[in-house]
Structure formats: C-alpha cells, structure tokens
Amino acid sequence: MQVEKAIKELETEGRKAAAVFVTSPTYHGICSDINKIAMLCHSRNIPLIVDEAHGAHFEFHSELPSSSLSQGADLVMQSTHKVLCSLQQSSMLHMSGNIVDREKIRRCLQSLQSTSPSSLLLSSLDAARAQISDNQQTIFDKALKLAFEAKRLIQEIPGISLLDLQVFSSFSAIDPLRITVGVWELGVSGFEADDILDKEYGVVSELTGMQCVTYVITLGTSRQHIQRLVLGLKHLSDLFYTDQGSGKEGRLDGSQKYLTCSLEDTRIKLSPREAFFARKRTVSLAKSIGEICGELICPYPPGIPLLIPGEIIKKTTLDYLLQVKSNGGVITGAADPLLDTIVVCDG
C-alpha cells in the first residue's frame with residue numbers, strides 16, 4: 001500500500017506524518033480502501049483526511065460505496081453541490097473521532113472563512129440535507145436503476161468499453177452513478193467523441209480525457225437522457241468502429257497511440273516562492289526546454305498542473321501538452337493558451 005510505504009519512509013528518517021490525505025472517490029468514481037487506510041493511520045495516531053468531493057451521496061443507498069466517515073476517516077470534505085442538490089460552490093466539512101483537535105479546526109476556519117457568508121448557499125445546504133433526510137434509502141433508487149440500464153445497453157455497443165469492477169476488480173469500489181466510456185477502439189480521442197455527442201445529441205459530459213469520457217447520473221437524470229447517451233454512442237460506433245474482417249471501413253482502426261507523461265523524473269530548480277519573485281521572460285516553446293518554468297500550466301482535464309513554477313521544462317512534458325491541445329483539450333494557467341510561448345525564470 002502506498003500510504004504504508006510513505007509512512008514507513010518517514011519513520012526511517014526519524015519523522016512522523018502529520019496527517020494522511022486521500023482523494024476518494026476520484027473524478028471517475030474509483031474509491032480507495034478507506035477502512036484499511038484508517039486502521040493503518042490510527043494505529044500510529046495519525047489523522048486521516050479524505051477529499052470526498054464526489055462522494056457526498058455515498059451514505060444514502062445500500063448499493064453505493066461506503067462513505068469515508070463510516071470507514072473511520074477523521075476529516076472529510078464533501079462538495080454537496082456535485083451529486084446532491086445544493087447550489088454550486090456549497091460544501092461541507094465533517095469531523096469524526098478524537099484524533100483531530102476540534103477547537104484548532106474551528107480557529108483555522110475562522111481565519112479562512114468570510115465574515116459575510118452567503119445565506120443562499122447555507123440555505124441550499126440545509127435544503128439538500130432535508131431532501132436526503134426525508135428519503136434516505138430510496139431517493140437514489142431511480143438514478144441507480146437508470147445507471148445500471150445505461151451500462152447494460154452501452155456494453156452491447158461495438159468499440160465502446162466501460163470502466164467497472166468486472167474489468168478492474170482490484171479497485172475497492174466504483175461509484176455506480178459514474179459512467180466512464182472508453183473510445184480508443186474507435187480511433188478518436190475523448191475530446192472528439194464528447195464534441196460529437198454534445199453538438200448532435202445534447203449529451204453533456206462530466207469529464208473528458210484523451211481516451212475516455214465520464215458521465216454522471218444524478219437525481220435529475222431521466223430515461224430520455226439515457227436514451228440520448230446510448231443513441232449518441234451507437235452513432236459513434238457506426239461512424240468509426242472497424243471490426244476486422246467485416247469489410248466495414250472506419251476512420252481509423254483503433255490503433256492510434258497517445259503519449260503519457262511521467263512525473264517521476266521531475267526536477268525542481270527553484271521553490272514556487274522563489275519562482276514567483278524571480279525575473280521572468282517569454283520564450284518560444286522550442287527554446288523553453290531545459291529552462292525553469294515561470295508559470296503554472298495545467299491541461300484540463302484532468303485539471304492537475306503538469307508544469308509548476310520552479311520546475312525544469314522537459315520535451316516529453318511539452319509533447320504531452322501539445323497532444324492534449326491538438327485533440328481538443330484546454331490548457332489553463334499559461335499566459336499564452338495557444339502554447340506558442342512559455343514564461344520562464346531567469347536562472
């Protein structure tokens with residue numbers, strides 16, 4: 001387990017982890033084994049903090065994964081607006097157990113929160129709580145039924161794959177309300193597939209990647225929405241899928257390869273603070289290789305910075321960013337979103 005390895009590495013250096021921070025579920029609905037991690041942390045009196053932004057609904061149906069709180073997490077953050085029905089930007093912080101100092105948390109919140117909170121957001125949180133409380137174990141019945149129906153129909157579509165526990169049995173759990181479809185056998189990128197489904201079928205995705213698209217079934221999803229999704233995916237299959245030996249001519253044979261970007265050989269020359277205050281200049285993309293990055297460059301999705309201020313720029317990183325851009329992805333943070341130039345620090 002990665003968590004145990006990280007804790008033991010610190011212990012060999014004579015240090016102790018201040019806390020363990022885990023994101024579960026991921027954007028795709030993949031859950032960590034929070035119970036096992038909590039037992040490991042608590043055996044060493046280390047608090048476990050879980051970013052459960054996409055799992056605020058887990059407590060409210062037997063067919064959903066177990067919530068992090070029920071598995072022993074000490075601090076859990078939930079974005080109530082993502083799957084439940086509060087207004088956007090509203091969220092909750094939950095506490096459990098005695099490891100975390102509640103008074104210290106209260107003081108920290110006072111230093112960060114506004115003295116003029118939004119009554120609309122607070123009211124929407126209370127309304128979402130009341131809605132769930134009135135129908136705790138049945139409110140997601142319809143959404144789950146629609147999700148299972150959608151997956152059954154999608155599995156029959158040639159060239160479309162599904163992310164589920166039947167294929168990835170090593171996962172602790174996957175949120176059944178997340179539907180991630182792989183389109184690599186079609187020879188198109190996830191961005192291209194998403195664009196077609198959006199424009200021609202009115203299907204709006206939750207997350208788009210190089211080779212897959214993720215959709216979310218919510219309390220507002222109807223059977224009509226599912227029908228549009230399935231029809232759109234069938235349309236993609238008819239357009240692009242090539243079954244060898246069938247004589248059908250698709251656009252590609254599904255063998256298109258995409259680059260990956262490893263973070264293992266990342267080199268940091270300056271701290272983010274040093275890079276922030278350093279003198280900077282703008283150079284062409286080709287001339288930026290080997291320079292110190294002066295800005296935060298983030299491909300979306302997945303929304304994780306690929307270059308941070310102070311990092312040495314590598315050719316492989318630039319190649320990946322260009323691939324994301326050429327396939328329809330969005331580059332954020334860069335002064336030049338077209339990536340013709342990059343801001344670098346004077347060494």
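1. Start with helices H6 and H8. H6 passes H8 in a right-handed crossing, where right-handed means that the near helix is turned clockwise from the far one by less than a right angle, and left-handed means anticlockwise. The helices here are DSSP runs (H or I, at least four residues), numbered from the N terminus, and strands are runs of E of at least two residues. H8 covers residues 223–240, and the two helices pack at an angle of about 15° with their axes 10 Å apart. That makes H6 roughly parallel to H8. On the wording: angles under 35 degrees count as roughly parallel, over 145 as roughly antiparallel, 65 to 115 as roughly perpendicular, and the rest as oblique. The axes are lines fitted to C-alpha atoms, for helices over the stretch in contact, and the angles run from 0 to 180 degrees between N-to-C directions.

2. A word on where the numbers come from. This is a predicted model, so local features need pLDDT of at least 70 and side-chain atom pairs count only at pLDDT 80 or more, while totals for chains, interfaces and linings use all residues. Residues are numbered from 1 along each chain as its sequence is written, and side-chain values use heavy atoms, with hydrogens and water left out.

3. Which residues make the H6–H8 contact? On the H6 side they are Lys145, Leu146, Glu149, Ala150, Leu153 and Ile154, and on the H8 side Arg223, Ile226, Leu229, Val230 and Leu233. Contact means heavy atoms within 4.5 Å. Ile226 is worth a click: this H8 residue is buried, with a relative accessible area of 1%. Buried means under 20% relative accessible area, exposed over 50%, and partly exposed in between (1.4 Å probe, protein chains only). Leaving aside neighbours within four places in sequence, Ile226 touches Leu146, Ala150, Ile217 and Thr221.

4. H8 has another partner in H7 (residues 190–201): their axes come within 10 Å and cross at roughly 125°. That makes H7 oblique to H8, and this crossing is right-handed too. From H7, Ala193, Ile196, Leu197, Glu200 and Tyr201 take part. They meet Arg228, Leu229, Leu231, Gly232, Leu233, His235, Leu236 and Phe240 in H8.

5. Back in H6 (residues 141–154), have a look at Lys151. What is the nearest side chain of opposite charge to this buried lysine? For Lys151 the answer is Asp164, 6.7 Å away, and Lys151 has no salt bridge. The cut-off for a salt bridge is a side-chain nitrogen of Lys or Arg within 4 Å of a carboxyl oxygen of Asp or Glu. For charge, Lys and Arg count as positive and Asp and Glu as negative; His and the chain ends are not counted. Apart from neighbours within four places in sequence, Lys151 is in contact with Leu162, Asp175, Pro176, Arg178 and Ile179.

6. Glu52 is also buried without a salt bridge, and its nearest side chain of opposite charge, Arg178, is 12 Å away. Glu52 sits in the loop between S3 and strand S4 (75–78). With neighbours within four places in sequence set aside, its contacts include Ser24, Pro25, Phe58, Ser67 and Ser68.

7. As for charged pairs that do meet, the whole structure has ten salt bridges. One of them joins Arg44 and Glu11, with the closest N and O atoms 2.8 Å apart. This pair links distant parts of the chain, 33 residues apart: Arg44 is in the loop between helix H2 (34–42) and strand S3 (48–51), and Glu11 is in helix H1 (residues 2–12). Arg44 is partly exposed at 24% relative accessible area, and Glu11 is partly exposed at 38%.

8. Arg129 and Asp126 also pair up, with the closest N and O atoms 3.0 Å apart. Both lie in helix H5 (residues 119–134), three residues apart, about one turn of the helix. Arg281, Glu291 and Asp346, meanwhile, are linked in a network of salt bridges.

9. For the overall picture, the protein has ten helices and 15 strands. Its C-alpha atoms fill a box of roughly 70 × 60 × 45 Å along the principal axes. Of the 347 residues, 43% count as buried.
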